[in-house]
Amino acid sequence: MAGSPLTRKPRLAAEAAAAAPPDLLSSLPLEVLDNILSRVHIRAVVRTSALSRAWRGRWESLPSVDLTRSPGIVPANIDALLLRRSAPVRTFRLNAHEGSWYVDALHDWLLYLSRNGLRDLNLSFPRDNFRLHSSLLSCRELTSLKLKCCRLPPTPPGFAGFPCLKKLELCQVVVPEHGGRQLEALIGASPLLEKVKLLGAELLGDDPDDEWVIRGPNLRELTVVGDVPYGGRTEDLPRLQEGCLFGTNYAKFLMGMAGVTKLEFFCVSNWPTEVDVLDKLPFLLKNVTSLIVAVNFTKMADILSMFCLLRSAPYIEDLDIWGFSEGKQEIDAGDDFLNAQWADCMFSKLRVVRMKKIVCLCNEMQFVEFILSKAKVLKVLSIMLSSSALCSNEEALTWITEYPRASPDAQVIFLGRESANNSSANASSDNAVVDESQTTDSEHDSINTDTDDSEVDEAPTTDSEPGSVNRSAADAEAEELHTSGSGRDSIGMSPDNAEDSTQRASVNASTENAVLEETQMTGSGLVQYVHPQRRRRLDLESVAQLEQLEVEMIELQKQVQLDLEERRLELESAQKNNSLIQQEREIMISCLQDLSTKLNISLPPLPALFSHLATPRLGDTAASAQGASSENAVNGASSGHSNSSQHA
């Protein structure tokens, strides 16, 4: 009996374990579980060993070690993590915020990782003088390499490259001596490379005239962003689909991008020689359907570069224009200048245009008018003003509304003014070096969303619904105008014009609005003069309004003359009636006097009874005067007859 409780304990423990609720996390696939645990602090991941027997040591076999969300760790913690691993490390991510502890330890970690089948490496440092260990070049199983603020080791002779590498991102990374050639060797030795990003990379010893080539038979995305000129060129990129170029002499890299479908080109840092490069492209970008261009509308070179791209990409459907205008306008891009840049193939399929960070310079507004007047199949044009715009929302709205439109289905969506806190503009999340330096590669933990889609979702309208535009709820709240599907209706109307009911009041109100609008345009400091076409339109409207006023004045004069003539006739008729009444009065008085003499009857003073009929008033009518005289005559006669009877 004494031993019976001992035999029951294992049975009770088994029953309790069977009655316990199932562990849902343990049943998840390893990839999903690894994705979940990589989002929490590494100490919390280690503490999962205390959850149950099944979780004990579970973290040691996870394929990834993500330390980007683990502040406060020290090298001893990372040493312990790596030493207790029971499975190869496939992913290693580290964001070193403090530069005092990783210098000696990271060399050992790279050496360890290079021998354990590392595939995804993401290292970020606070400064760019940390030299990586040469063991990095031994990680032959790498598929993704992202480095920030560090120095690459020089490639040794006979470097075999990364045969499995598909993604390469170098953000503010220093490439050693002969950096252009080192980069060429690194990319050329990675035949499976699909995505390359060079964000502010420093190529030591590179000169703008150096000859080196970026080649990639499988390369699909190429981004080159920097503030220094590079040498080299691109060629043999048969599968390239997306290209992003932002630099001082980067137009030459377009030579290998004939097949791209999406192109981002920033003209704000271009040299004047870039215009010649763009204008002499030996091919047309026939596959480009989406074009993002950043332009400084005060610079001649930027405007010409933009038009060179527009002529070289005749089949674009989506056009994004980012305005970075500052300074004084070097040229007035008026109608003559814009028409000189026009080509018959431009805007043939353009459906959606997004313009952002617009300052309302004269060149910017004339370009808006140019697009509306030339794009015959345009569906949507959305405009967002910069926080430092020179005009108010109402002024910009009025100007845009009055521009003529070549497309009957064109709709204008005015998104107002961007907030001051959101003044930094990046064409996409891939184009801002600062943004890249503040974020880590958490591709598994975030949804990649283009900045364009997050700001405004303006899907092109279908042919069956030409008058509708699909917009998100946030855009619907931000919209300050909405045009009808015809594209010709006015977006905004003056409150005076909406309230006036008569035609003359409407004409007067519109005239006052036109004068006020002209005064605001000329005195706002926005431009030196009113747009010529707008001035001609205002002049025509003023002439039409004056003619309308003259017609109404003539009609009013005719009506007044008719009223006066009718009144004159009434007065003449009243005077004739009064004269007749006066004659009848005299006859009646004479008759009464004769009667009173014959009957010897004394009569009261007769003139007092008829004195009010002596001078007829202006407003009296003939009928009223005649009725009054007849009534008085009857009363007088009856009174006389009564007196005579009493006397007899």
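This is a predicted model: local features need pLDDT of at least 70, side-chain atom pairs count only at pLDDT 80 or more; totals for chains, interfaces and linings use all residues.
User: Which residues form a nonpolar patch on the surface?
Analyst: Met553, Leu556, Val560 and Leu564.
User: How much accessible area do they have together?
Analyst: About 360 Å².
User: Take Leu564. Which helix does Leu564 lie in?
Analyst: Helix H17, which spans residues 532-598.
User: And why does Leu564 count as exposed?
Analyst: Because its relative accessibility is 58%, and the cut-off for exposed is over 50%.
User: Switching to H4. Which residues are buried there?
Analyst: Pro75, Ile78, Leu81 and Leu82 are buried in H4, a helix covering residues 75-83. They cover an arc of only 120° around the axis, so they sit on the same side of H4.
User: What is exposed on the other side of H4?
Analyst: Ala76 and Leu83 are exposed there.
User: Zooming out. How many helices and strands in the protein?
Analyst: The protein has 19 helices and 19 strands.
User: What share of the residues is buried?
Analyst: 44% of the 648 residues.
User: Last one, contacts. Of those between residues at least 6 apart in sequence, what percentage join residues at least 24 apart?
Analyst: The figure is 68% for the protein.

How values were computed: Residues are numbered from 1 along each chain as its sequence is written. Side-chain values use heavy atoms; hydrogens and water are left out. Patches are made of residues with over 30% relative accessible area and no salt bridge: like charges are joined within 9 Å, nonpolar side chains (Val, Leu, Ile, Met, Phe, Trp, Tyr) within 5 Å. Accessible areas come from the Shrake-Rupley method with a 1.4 Å probe; for residues, only the protein chains shown count as cover. A salt bridge is a side-chain nitrogen of Lys or Arg within 4 Å of a carboxyl oxygen of Asp or Glu. Helices (H or I, at least four residues) and strands (E, at least two) are DSSP runs, numbered from the N terminus. Buried means under 20% relative accessible area, exposed over 50%, partly exposed in between (1.4 Å probe, protein chains only). Contact means heavy atoms within 4.5 Å. The arc is that of the directions from the helix axis to the C-beta atoms.
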